[in-house]
Number of protein chains: 2
Amino acid sequence: MEKREKLYEGKAKIIYTTDSDNLVIQYFKDDTTAFDGAKKEVLEDKGVINCSISTIIFEYLEKHGIKTHFVERLSPREMLVKKCEIIPVEVVVRNVAAGSFSRRYGVKEGTPLKEPLVEYFYKNDELHDPMVCPNHVYMFGWATREELGFMTKTALEVSELLKKFFDEIDIQLVDFKLEFGRHNGEILLADEITPDACRLWDKSSGEVLDKDRFRKDMGKVVESYKEVYRRIVERYEKVEE
Amino acid sequence: MEKREKLYEGKAKIIYTTDSDNLVIQYFKDDTTAFDGAKKEVLEDKGVINCSISTIIFEYLEKHGIKTHFVERLSPREMLVKKCEIIPVEVVVRNVAAGSFSRRYGVKEGTPLKEPLVEYFYKNDELHDPMVCPNHVYMFGWATREELGFMTKTALEVSELLKKFFDEIDIQLVDFKLEFGRHNGEILLADEITPDACRLWDKSSGEVLDKDRFRKDMGKVVESYKEVYRRIVERYEKVEE
Ligand SMILES: Nc1ncnc2c1ncn2[C@@H]1O[C@H](COP(=O)(O)OP(=O)(O)O)[C@@H](O)[C@H]1O
Ligand SMILES: Nc1ncnc2c1ncn2[C@@H]1O[C@H](COP(=O)(O)OP(=O)(O)O)[C@@H](O)[C@H]1O
Ligand SMILES: [Mg+2]
Ligand SMILES: [Mg+2]
């Protein structure tokens, strides 16, 4: 697979074209941002760890019937993925109250939710990713009822799968964000699944193992991501071999 | 109907019990607030005008098959209504971009929407009425799927009816907010329908005839409400007689 030119550089990743029209390379940078890019730092090795974690999770989800953009890992920071037309709706699934949800609705952080809650946000840094409802998605024409229905159903399936995945390594999956894209008439799970886009709490100690460490200046950001990766490898890579 | 004691005093109205368990009196104050009560003024006559406008609109909606809490007008500022358990979800219908919608999604004020858009907000001043989606409403248990479905359907019917109602008096209905309540196993349209809870623009001049005059310190607030009332009476009360 030949890497050609930069198609898009985002806050945490770069997308490169390849010699196939159907495929792009997703390159994971060490850049780490929060608050829609207002806070920014380079955290050594983060890109490698996130590429590793994302690879294992996409393989796990594919094995359990979820259609993702993942094709194969090419190098420590590079992943070959199916080229998608990204739907500008971030789908968030929450199992426990935290972050903006807690602030918005006055629910104490750590309160378990009665049922997994799906929220939608318009992917737009300038507008600070405002919350939307399905009605907005249809009216603005970002996705059809059928597409959003599929995304919601898939997000809930992913939620169940990831809850189990992390539960096995003594991590509580608090919430996570997904992005979907259109590829050859199908909707695929795209982007990344990493501690940048999930809230992960150690089940025993409650320790935060995700990007909140960066947002809240708690330190040991990459160390925590590495700990998540270490547990994943110990539990999942060993069994496979 | 005997007025008994104050049941609840809100920002713009007071609810009194009566000698019937099923009925309460809704008293319209001159108090006018914005930004969840942060800005506050007493605007002489506003309560009377709003009671008048609400009365005519509830009668009009009832005539067209919408079930409301309205029973009868008792005095210039008082309306007898069916006592409801208010559902803490404000239902907003937008036909044209304005206000918080324009800010949230970067859509220029005055842009017509492709289709009427229904939005939901959690009625909670302390939290500043945060936006919610149907999923939040179900998860928090504020209303069932069936109840919210009925509220949404009714809100869209009310939108069509009010668009016609205001169109006839050369006013563009930009958006409006509804509250619903449970009464004897039914969902009724409750609260008020007035320039405090609608955006109303003169069709010819674009002049603002609603509470935005107060929010934005444009002056002539009650004068504008009176102009809306004058047109309503001229068009609707005369025909009826
Ligand atoms: N399979 C794919 N095809 C095309 N674009 C993708 C794919 N997967 C993810 N993307 C997009 O590539 C970008 C990834 O880089 P990122 O740094 O996360 O960007 P951003 O700052 O926009 O979130 C995102 O805009 C994401 O939506
Ligand atoms: N039919 C009804 N039965 C009981 N309560 C009602 C009814 N109609 C409206 N209400 C409630 O009465 C209050 C009206 O007063 P208002 O000044 O608008 O209060 P608020 O400041 O809470 O919006 C609101 O809380 C409204 O939800
Ligand atoms: Mg991103
Ligand atoms: Mg009110």
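Predicted model: local features only at pLDDT ≥ 70, side-chain atom pairs only at ≥ 80, totals over all residues.

Analyst: **Where the domains meet**

Domain 1 of chain A runs over residues 3-82, and domain 2 over residues 85-219. The C-alpha centres of these two domains of chain A are 18 Å apart. Across their boundary, 29 residues of domain 1 of chain A touch 28 residues of domain 2 of chain A.

Now for the ligand at this boundary. Ligand 1 lies between the two domains of chain A, because both domain 1 (3-82) and domain 2 (85-219) give residues to its shell. How many residues surround ligand 1? There are 17, and the closest are Ala12(A), Lys13(A), His69(A), Lys123(A) and Glu179(A). Sorted by class, this shell around ligand 1 holds seven nonpolar, three polar and seven charged residues. Two strands of chain A take part as well: strand S2 (13-18) and strand S7 (78-82) each bring at least two residues to the shell of ligand 1.

Let us zoom in on some individual atoms. A polar backbone atom of Ala12(A) sits 2.5 Å from an oxygen atom of ligand 1. The side chain of Glu179(A) places an N or O atom 2.6 Å from an oxygen atom of ligand 1. For His69(A), a polar side-chain atom is 2.8 Å from a nitrogen atom of ligand 1. Taken on its own, ligand 1 has 540 Å² of accessible area, and the protein covers 91% of it.

The shell around ligand 2 counts 17 residues, with Lys11(B), Ala12(B), Lys13(B), Lys123(B) and Glu179(B) the closest. By class, that shell contains seven nonpolar, three polar and seven charged residues. Strand S2 (13-18) and strand S7 (78-82) of chain B supply at least two residues each to it.

The atoms around ligand 2 can be followed in turn. An oxygen atom of ligand 2 is 2.8 Å from a backbone N or O atom of Lys11(B). The side chain of His69(B) has an N or O atom 2.8 Å from a nitrogen atom of ligand 2. A backbone N or O atom of Cys84(B) is 2.9 Å from a nitrogen atom of ligand 2.

Finally, step back to see how the chains meet. In this contact, 25 residues of chain A touch 25 residues of chain B. Together the chains A and B bury about 2000 Å², and 69% of that is on carbon and sulfur atoms.

Note on methods: Residues numbered from 1 in each chain as written. Chains lettered and ligands numbered in written order. Heavy atoms only, no water. Near = heavy atom within 4 Å. Polar contact = N/O pair within 3.5 Å; in protein donor to acceptor, adjacent residues only side chain to side chain. Helix = DSSP H or I, 4+ residues; strand = E, 2+ residues; numbered from the N terminus. Nonpolar A, V, L, I, M, F, W, Y, C, P; charged D, E, K, R; others polar. Contact = heavy atoms within 4.5 Å. Buried area = accessible area lost by both parts, 1.4 Å probe. Domains from an automatic or database assignment. Areas by Shrake-Rupley, 256 points an atom, 1.4 Å probe, with all protein chains shown as cover.
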